[in-house]
Amino acid sequence: LESLGLANNFLRPLAGASPAAVVPALLNLRSLDLRRNRLVDAAADVVAQLLEDSECCLEWLDLSDNQVGEEGGCRLGRALAVDTSLVSLRLHGNRVHVDTAQAMGEGLGGNASLRRVTLSSADAVVAVQHFRCASQVVLRREHVVD
């Protein structure tokens, strides 16, 4: 199995799942669509552990519209710093604010594979919609709307 689409399935119980039980089952995926599932921050930790695994093959990940907040977003940002496979990440429609965007920027600075990140949301918390990785990524205050 290389692609798994679980959008709109109310998978909130994943938030209580043990990463040790979930991560091995997802390692061979190239595409994972988890949008609109109300996964919250705890599920973002499971996804972060997947991204940190050296055997992870995930290239495309959609976590949009999931109620991921500051804690989960920062956790994902730290995972991005060590991930080597992800090319596209969609996070729009979550509760991504200034601290979260900065953690993402720090993670992106060390990530050579990621090419597209979507952070914008309906309430325009983050003004930057798409940006490419470079040797250093800096999110300045003027890029982020409080």
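## Contacts and overall layout

Take the contacts (heavy atoms within 4.5 Å) in the protein between residues at least 6 apart in sequence: 80% of them join residues at least 24 apart. This is a predicted model, in which local features need pLDDT of at least 70 and side-chain atom pairs count only at pLDDT 80 or more, while totals for chains, interfaces and linings use all residues. Residues are numbered from 1 along each chain as its sequence is written, and side-chain values use heavy atoms, with hydrogens and water left out.

The protein has four helices and five strands. Both are DSSP runs numbered from the N terminus: helices are H or I with at least four residues, strands are E with at least two. Along the sequence they follow the pattern β-α-β-α-β-α-β-α-β.

## Surface and burial

The protein has 146 residues, and 51% count as buried. Buried means under 20% relative accessible area, exposed means over 50%, and partly exposed lies in between (1.4 Å probe, protein chains only).

The protein exposes about 7200 Å². Carbon and sulfur atoms supply 49% of that area. Accessible areas come from the Shrake-Rupley method with a 1.4 Å probe; for residues, only the protein chains shown count as cover.

## The nonpolar core

In soluble globular proteins, nonpolar side chains tend to be buried together. Here, the largest nonpolar core has 30 residues. Such a core is a set of buried Ala, Val, Leu, Ile, Met, Phe, Trp, Tyr and Cys residues joined through side-chain atoms within 4.5 Å. L51, L58, L61 and L76 have the most contacts inside the core. The elements giving two or more residues to this core are α1 (19–26), α2 (40–52), α3 and α4 (98–109). Helix α2 gives the most, with seven residues.

Leaving out residues up to four places away in sequence, L61 touches L32, V47, L51, L86, S88, L89 and R90.

## R75 in helix α3

R75 sits in helix α3 (residues 70–80). R75 counts as buried because its relative accessibility is 14%. Beyond residues up to four places away in sequence, R75 touches D45, A48, Q49 and E52.

The side chains of R75 and D45 make a polar contact at 2.7 Å. A polar contact is a pair of N or O atoms within 3.5 Å; within protein, one must be able to donate a hydrogen and the other to accept it, and residues adjacent in sequence count only if both atoms are side-chain atoms.

## Two positive phi angles

Most residues other than glycine have a negative phi. R38 is not a glycine, yet has a positive phi of about 55°. R38 lies in the loop between β2 (31–33) and α2. R38 is partly exposed, at 45% relative accessible area.

V40 also has a positive phi of about 55° and is not a glycine. V40 is found in helix α2. V40 counts as buried, at 15% relative accessibility.
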